[in-house]
Amino acid sequence: VFREAGSHRVEIRVMSDAVLLDNTSHFVVDVREHVRVLLVDGERSRERWESESDFLMEVLGLSQFEGEDGFGLLRPEWVRESELTSQKLGDYAVVVVANVVSLDDEAVAALEDYARGGGAVVFSLGTRVDKQAYNDGLWRQGVGLFPAKLLEVQGGTRAEASTDEDAPAWVMALGD
């Protein structure tokens, strides 16, 4: 149990054999009071469950352990894609980019700097994404943030899959 936030050195010792060299291991644990998650929503809607990040916002906000301030461990926050570069990304443990059409050069540079500094970036691609803009800005012939070039969309809707005998037995779609 860690009683204070911050970096803590941990040592593990195993008394299993006569070779003492491999019986001890050291590592550092970064303990946080809470974890901030930034959701960059590419299609914000006033209707519940219609925005790209609504489900994720709901799940992340369900932390069962509440602190003294009434909030749980996970603290999701959402911004529009136009607000991404005004955020101090280093304050967040994870940045989720959800179905954003494209990112300008400043946003791409900010995400790359954030990732190089150890931050986690998750891209959730959808129907609004401009494939060419992502390839030009994020893949950049293999030197960008994306590990691979985006190609064509494969597969179809859940309705199409239900009539296909060769379709998998399960789908991950909530709707068409």
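Student: Which residues do ring pairs link into a cluster?
Tutor: They are F123, Y134 and F146, joined by ring pairs into one cluster. Keep in mind that this is a predicted model.

Student: How many aromatic pairs are there in the whole structure?
Tutor: A search of the whole structure gives three aromatic pairs. One of them is F123 with F146, an edge-to-face pair with 4.8 Å centre to centre and 80° between the planes.

Student: Where do F123 and F146 sit?
Tutor: F123 is in strand β6, and F146 is in the loop between α3 and α4. The two are 23 residues apart, and their pair links distant parts of the chain.

Student: And what about Y134 and F146, how are those rings arranged?
Tutor: That pair is tilted, with the centres 5.8 Å apart and 55° between the planes. Y134 belongs to helix α3 and F146 to the loop between α3 and α4, 12 residues apart.

Student: Are Y134 and F146 buried or exposed?
Tutor: Both are buried.

Student: Why does F146 count as buried?
Tutor: Because its relative accessibility is 9%, and buried means under 20%.

Student: Ok, helix α3 then. Which of its residues are buried?
Tutor: Helix α3 covers residues 131–139, and its buried residues are Y134, N135, G137, L138 and W139.

Student: What do they pack against?
Tutor: The buried residues of α3 pack against strand β5 (94–98), helix α2 (105–116) and strand β6 (120–124).

Student: What caps the N-terminal end of α3?
Tutor: D130 does, with a side-chain oxygen 3.1 Å from the backbone nitrogen of Q132.

Student: And which residue follows α3?
Tutor: R140 follows α3, and the phi of R140 is positive, near 45°.

Student: Let's zoom out. How many helices and strands does the chain have?
Tutor: The protein chain has four helices and six strands. Along the sequence they run β-β-β-α-β-β-α-β-α-α.

Student: How much of the chain counts as buried?
Tutor: 26% of the 176 residues count as buried. The accessible surface of the chain is about 12700 Å², and carbon and sulfur atoms account for 51% of that.

Student: What share of contacts joins residues at least 24 apart?
Tutor: It is 48%, taken among contacts between residues at least 6 apart in sequence.

Student: New topic: how many salt bridges are there?
Tutor: Nine salt bridges turn up in a search of the whole structure. One of them joins the side chains of R36 and D91, at 3.8 Å from N to O.

Student: What does the R36 and D91 pair tie together?
Tutor: R36 is in strand β3 and D91 is in the loop between β4 (74–80) and β5, so the pair ties together parts that are 55 residues apart in sequence.

Student: How accessible are those two?
Tutor: R36 is partly exposed, with a relative accessible area of 24%. D91 is also partly exposed, with a value of 37%.

Student: Which residues are linked with them in a network?
Tutor: The network of salt bridges takes in R36, E77, K88 and D91. Within it, K88 forms a salt bridge with D91, where the closest N and O atoms are 4.0 Å apart. K88 counts as exposed, at 60% relative accessibility.

Student: Which ring does the charged end of R36 sit over?
Tutor: The ring of Y92, with 4.4 Å from the charged end of R36 to the ring centre.

Student: What about R116, which side chain does it meet in a salt bridge?
Tutor: The side chain of D113, at 3.0 Å from N to O. Both residues lie in helix α2, three residues apart, which is about one turn of the helix. Residues three or four places apart in an α-helix point the same way, because there are 3.6 residues a turn. R116 and D113 are both exposed.

Student: Last one, D41. Where is it?
Tutor: D41 is in strand β3, which spans residues 35–41. D41 counts as buried because its relative accessibility is 2%.

Student: What does the side chain of D41 reach?
Tutor: It reaches the backbone nitrogen of E52 at 3.3 Å. The side chain of D41 also makes a polar contact of 2.5 Å with the side chain of S53.

Student: Which other residues does D41 touch?
Tutor: Leaving out residues up to four places away in sequence, D41 touches residues including S51, V79, R80, E81, A98 and V100.

Note on methods. Residues are numbered from 1 along each chain as its sequence is written. This is a predicted model: local features need pLDDT of at least 70, side-chain atom pairs count only at pLDDT 80 or more; totals for chains, interfaces and linings use all residues. Side-chain values use heavy atoms; hydrogens and water are left out. Buried means under 20% relative accessible area, exposed over 50%, partly exposed in between (1.4 Å probe, protein chains only). Contact means heavy atoms within 4.5 Å. A polar contact is a pair of N or O atoms within 3.5 Å; within protein, one must be able to donate a hydrogen and the other to accept it, and residues adjacent in sequence count only if both atoms are side-chain atoms. Accessible areas come from the Shrake-Rupley method with a 1.4 Å probe; for residues, only the protein chains shown count as cover. Rings of Phe, Tyr and Trp (its six-membered ring) pair if their centres lie within 6.5 Å; planes under 30 degrees apart count as stacked, over 60 as edge-to-face and the rest as tilted. A charge sits over a ring if NZ of Lys or CZ of Arg is within 6 Å of the ring centre and within 35 degrees of the ring normal.
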